[in-house]
Amino acid sequence: MRLVRGPLYFLAVASVLCASGAHAETRGFVIAQFFPAFHSQEGDCAGGMNLNTGDQYDIGLVQAGYDEKQVAEWARKAEDKALITSFRDERHRAIRDRATINGKKVSAWVNPQATPDPNLNTVTSKFALGFDLDGKEGAAGFENPMTGEKGVDNQYFRALGCFTAHRGSYSDRPATWSYMWDIVAPAMPAWLMSVTADDFKNGAATVSFYRAREHIERDVNNNVLPDLTFRIDPDLRSQVSFKAEIKDGVVSITEHGNLHAVWGEMVLLTDLRLGNTHLRLSLRDDGSADGVLGGYQPWKDTISDGYRSAMGADSLGEYWNIRKLADANPDPKTGANQDISVAYRINAVPAFLIPPPQ
Amino acid sequence: MRKFGLVLGLGLAVAGQAAAAETSGHLVMRRLTPEQYENIIAETFGRDVSSGARFSDQTREGGLIAISASKTTVTGPELEHFDSLARTIAEKVVDKGHRNALVPCKPASIKDADDACARQFLTDVGRSLYRRPLTKDEADAIVLAAGDAARTQKSFYDGLAHGLAGLMISPDFLFRVENVKADGTLDAYSKASRLSFFLWNTQPDEALLKAAEKGNLDTEKGLAREVDRMIASRRFETAVRAFFSDLLMFDDFNALSKDAMIYPRFTQQVIKDAQEQTMRTLVDLLLTKRSDYRDIFTSRTTFLTPALGSLYRMPVPKTTPNMEPADWVEVQYPENDPRAGILTHASFVALHSHPGRTSPTLRGKALREILLCQRVPDPPGNVNFTVVQDSSNPLYKTARERLNAHATEAMCTGCHKITDPMGLALDVFDGAGTYRTTENGAAIDTSGTLDGVAFKNAVELGNVLHNHPGAPKCLVTRLASYGLGRVPAAGEKTWIEAMQADFAKAGYRVPDLFKSVATSAAFFKVANEK
């Protein structure tokens, strides 16, 4: 194969996967950063910030019926650096086995529904990043501080925004995500995106997402290396395109369908499944792009088994907050909402995308 | 037969090098390069007995390390390093995992000396390491040393390792010691050695040593037959790589650093791949395709990795055309691409730049000195470089503007005239090798002239260099110097000119040039000592 530089190469991608005009150009990207789009501000949790992990564990243990003195002794030992505080020790077993099914203690990580709701604090601010997904301002709707849009649905932020580990902003990643993303991203297949348009300032466009067969690489400053070449994974489950429009260099999805990205290796999110997908993406002069991706996500996806066991901290409180604040897709039998409104930040750098062999 | 003696201690010296002949140059004694050391160990004991040889940095003389290698000594610390290296290798050779394959005999007792078995192994290996048979005295001495050590250690193999290590710290191994016959030509084994290091960058194989033994290298026909065989061998590529690596100063990559904030894509992988890109391009053009040497300045074909693709902003998949995984991909630049030829490789533009900015002067100097064999004087000591170094000065947005302002000083103008025009043509490649069209928002003017011939950009500069008569002539001189280990003597001018003419006549084919050097009588001739 002789490689050709420039637009022709991108057109190869466009011709396979995107319906576009005769003069369309496709710009490829690799997602460099992906994290919950939160808008943490001073005073946004009227009930106060939730307790730190250790204190929350102590409360949970008392709620689960353990003697307060015993809980205090465990806590003291947990602080003793000379002692081994592994998963196997007594306190951790107690923390893990807080759930009760048929009178028997079982793992709370596997059976969070069998634990009492600790009723932790949620965000009370009126501002959040994201989109008005349901077209209603509603009591639960936020206002987007960047666009002024009202009725913004981001219950995921409301559920988690009062946990220290999840505090974040448009530019600042929540600590849990930044930690996990930095660990898994170099090892997981890269997540790709392309924008096809005749005019990248104004006009119709197509936005597509793909999974790559390679992972990201980093530059000498540990940032994601731009202009790397990625092969698109032929697995159709991770290929999806949306009709979009560009206004003043900002791309917005106009037909809000479903997005599915099989990440697999991602501890925080094994599959990204969004309904009513929204995107607002600014195309930068240096070839990069940044913006917000939103939609309705199955709430169980956001707090998967892997997440619970890996993160541990406050995860039962997170579980209950998310479950209670789920705001879409009611179960026909129970009426309980199965999806929660979410918004994620996307930072992308330019990349060359190679379509799968035909 | 005269042998040039050595003094091994805190330094080594070659005796009697003062004489300069009219028709040929003096004899030199070169220290092995790390690659040659590694190659010899691998050829003798196998690749799994890796030496990991790391020698101290070498200086460059006459444009080549190969020349300065003839003036390199062994310092005290280096001697310790060679000793340690030799012992490590020797222990590996005789360990239980290797001895059955590498030692051709079994001792009567592994707890005692066995002179016969030791002699068989050490003379065999010694022939390979010294690139000639050991003399009887040498063999006796090394067998005695091995026997003494075996008896002291109560271990035959410990003794053998001791003897082997002794061979490997000898000047006859570490240096390319050449012997001269009364007629002023190298003796047969020295010829074989000179040939093998020139054409394979390692020691002679058994066939070449046999040819030397039979006197075949002393006949034109016999010499040509061996040279043809060696050039046809896959090992020839190793020698071509070694020569161009030396010529293009790739050893400077060992000390190359870039400002991470300015050139974040210049990773360690890029440093490695940039050199290999040029090597693969040269091997493909000059050996695989047997193209005109001058095409290296204009070729639009090269080989890239994904890391280089990121640096060059070009798509480079990790697959072959039939989708097999591949680390390197052949790439053809399109006709209107700003890149063509090795001058536009990162191995040239990044190597001859400053850590945080380009340097048209360094690039132009490198072009003249490396590729045209012209000497560019160093700047005087009291020059004020402030204007050139300040790339943020709004008055001088481009390197051309800064250099023009700097070159108003009379003492600078002369040299900058001969270096900067070519370097400015390459200024569209930043200090890491990434293409750009502007600097500080101002368009980069890439036009200029090289020795009176105008060009508009880097690609045209490559064309001008392609047609420059000095370029192939320079290669001939450099290759002869590389083979001889010294700058050709005044009396060898006729020989060099004849080879330059032959090189042109034969279409500038590099393998033919290697053959031309290797089959010349002058290549083996040494000036008479006074």
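Biologist: Which helices of chain B do the buried residues of H5(B) pack against?

Modeller: Bear in mind that this is a predicted model, where local features need pLDDT of at least 70 and side-chain atom pairs count only at pLDDT 80 or more, while totals for chains, interfaces and linings use all residues. Residues are numbered from 1 along each chain as its sequence is written, while chains are lettered from A and ligands numbered from 1 in the order in which they are written. Helices (H or I, at least four residues) and strands (E, at least two) are DSSP runs numbered from the N terminus. The packing partners of H5(B) are helix H1 (34–45), helix H6 (136–153), helix H7 (156–168) and helix H8 (171–174).

Biologist: And which residues of H5(B) are buried?

Modeller: A residue is buried if 20 or more other C-beta atoms, placed from the backbone, lie within 10 Å of its own, exposed if 12 or fewer, and partly exposed in between. In H5(B), residues 115–130, the ones that pass are B:Ala118, B:Arg119, B:Phe121, B:Leu122, B:Val125, B:Gly126, B:Ser128 and B:Leu129.

Biologist: Which residues touch the most other members of the largest nonpolar core?

Modeller: A nonpolar core is a set of buried Ala, Val, Leu, Ile, Met, Phe, Trp, Tyr and Cys residues joined through C-beta atoms within 7 Å. This one has 144 residues, and the two that touch the most other members are B:Leu160 and B:Leu164.

Biologist: What does B:Leu160 touch, leaving out residues up to four places away in sequence?

Modeller: Two residues are in contact if their C-beta atoms, placed from the backbone, lie within 7 Å. By that rule, B:Leu160 touches B:Val94, B:Val103, B:Ala118, B:Phe121 and B:Ala146.

Biologist: How many residues are in the second, separate core?

Modeller: Its members include A:Ala32, A:Trp109, A:Trp191 and A:Leu269. The count for this core is 84 residues.

Biologist: Which strand gives the most to the side of chain A that touches chain B?

Modeller: The contact takes 20 residues from chain A and 22 from chain B. Two strands of chain A, E6 (228–231) and E13 (337–354), each supply at least two residues of the chain A side. With 3 residues, the top giver is E6(A).

Biologist: Are H18(B) and H19(B) roughly parallel or antiparallel?

Modeller: Axes are lines fitted to C-alpha atoms, for helices over the stretch in contact, and angles run from 0 to 180 degrees between N-to-C directions. Helix H18 (399–406) and helix H19 (410–425) of chain B pack at about 170°, with their axes 11 Å apart. Angles under 35 degrees count as roughly parallel, over 145 as roughly antiparallel, 65 to 115 as roughly perpendicular and the rest as oblique. So H18(B) and H19(B) are roughly antiparallel.

Biologist: Which residues of H19(B) meet H18(B)?

Modeller: From H18(B) come B:Ala399, B:Arg400, B:Leu403 and B:His406. Across from them in H19(B) sit B:Cys412, B:His416, B:Asp420 and B:Leu424.

Biologist: Is A:Asn119 buried or exposed?

Modeller: A:Asn119 sits in the loop between strand E3 (104–106) and helix H5 (155–160) of chain A. Its phi is positive, about 50°, although it is not a glycine. With 11 other C-beta atoms within 10 Å, A:Asn119 is exposed.

Biologist: How many other C-beta atoms lie within 10 Å of A:Asp248?

Modeller: A:Asp248 lies in the loop between strand E7 (240–247) and strand E8 (250–253) of chain A, and its phi is positive, near 50°. This residue is exposed, and its number of other C-beta atoms within 10 Å is 8.
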